Amino acid sequence: MLVLNCSTKLLILEKMLKRCFPESLKAEVDNLDHYTNAYAVFYKDVRAYQQLLEECDVFNWDQVFQIQGLQSELYDVSKAVANSKQLNVKLTSFKAVCFSPVSTLPDASFLKGPSPRLTYLSAADADLLNRTWSRGGNEQCLRYIANLIACFPSVCVRDEKGNPVSWSITDQFATMCHGYTLPEHRRKGYSRLVALTLARKLQSRGFPSQGNVLDDNTASISLLKSLHAEFLPCRFHRLILTPATLSGQPHL
């Protein structure tokens, strides 16, 4: 991969990407797939974000999609514009978390023998992850998880039969997500090992190691505190916007 540091070349690249941007919208073929139809929002002036929603042809308002961001005004501004376009908005808010630098490989010496073993996920594991994820259980999520596994870092612990028993994956915004351990394998240190290993893997590639957690997920919050993860003062917000014409679809 070519890394551009020259400001002139970066400007040229920006112009090229802007010219191709409409093509990227045409590539979104599943109007019900809010997992893939996702946008991340960053702004300093809330008026700039409102103008983006109202005046720019950035979002495909005819499909179900999600918007992610850390700004407190995200919901109110999005809701107002969505109402004018006859879209429903569902908000989920999380604690935002950032991992401290992991300077060395986590201790995996308690994994005795050839199994259990620390490794990574494969596309064949997507069905299990889809069935165990609170956001999953549908074809769009299954396809989405398979794509994440294929494209981004993941970590898992496999049992003697080669089946994943604990794991975490990375989404398209470099966010650690779907950290999960099967109930019968909990309290063995797997979740700690997986989280630290994935955080270090992301950091070693120059990515932030970030995540989010629901307020009532006490087990994950306790784990994150024991790992000295930083709970940020802002919150992570996910909005799922659904056109009225698609609101009756069975998985929504």
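1. Start with Arg158 and Asp125: their side chains meet in a salt bridge, 2.7 Å from N to O (a side-chain nitrogen of Lys or Arg within 4 Å of a carboxyl oxygen of Asp or Glu). The pair links distant parts of the chain, with Arg158 in strand β5 (residues 154-158) and Asp125 in the loop between β4 (117-119) and α4 (126-132), 33 residues apart. Helices (H or I, at least four residues) and strands (E, at least two) are DSSP runs, numbered from the N terminus. Arg158 counts as buried at 7% relative accessibility, and Asp125 does too, at 8%. Buried is under 20% relative accessible area, exposed over 50% and partly exposed in between, with a 1.4 Å probe and protein chains only.

2. A word on the model: it is predicted, so local features need pLDDT of at least 70 and side-chain atom pairs count only at pLDDT 80 or more, while totals for chains, interfaces and linings use all residues. Residues are numbered from 1 along each chain as its sequence is written, and side-chain values use heavy atoms, with hydrogens and water left out.

3. The whole structure has seven salt bridges. In another of them, Asp215 pairs with Arg235, the closest N and O atoms being 2.5 Å apart. Asp215 sits in the loop between β8 and α7 (218-226) and Arg235 in strand β9, so parts 20 residues apart in sequence are tied together. Here Asp215 is partly exposed at 37%, and Arg235 is partly exposed at 27%.

4. Asp30 and Arg143 also form a salt bridge (2.7 Å, N to O). Asp30 is in the loop between α1 (7-26) and β1, and Arg143 is in helix α5 (residues 139-151), 113 residues away. Arg143 is partly exposed, at 39% relative accessible area.

5. On to the rings: I'd look at the 10 aromatic pairs. Rings of Phe, Tyr and Trp (its six-membered ring) pair if their centres lie within 6.5 Å; planes under 30 degrees apart are stacked, over 60 edge-to-face and the rest tilted. Tyr39 and Phe65 have ring centres 5.4 Å apart and planes at 85°, so they are edge-to-face. Tyr39 belongs to strand β1 and Phe65 to strand β2, 26 residues apart, and both are buried. Tyr43 and Tyr49, with centres 5.2 Å apart and planes at 5°, are stacked; both are buried too.

6. Tyr39 and Phe65 turn up again in one aromatic cluster with Phe59 and Trp61. Lys85 lies over the face of Trp61, 5.0 Å from the ring centre.

Methods. Lys NZ or Arg CZ within 6 Å of the ring centre and 35° of its normal.
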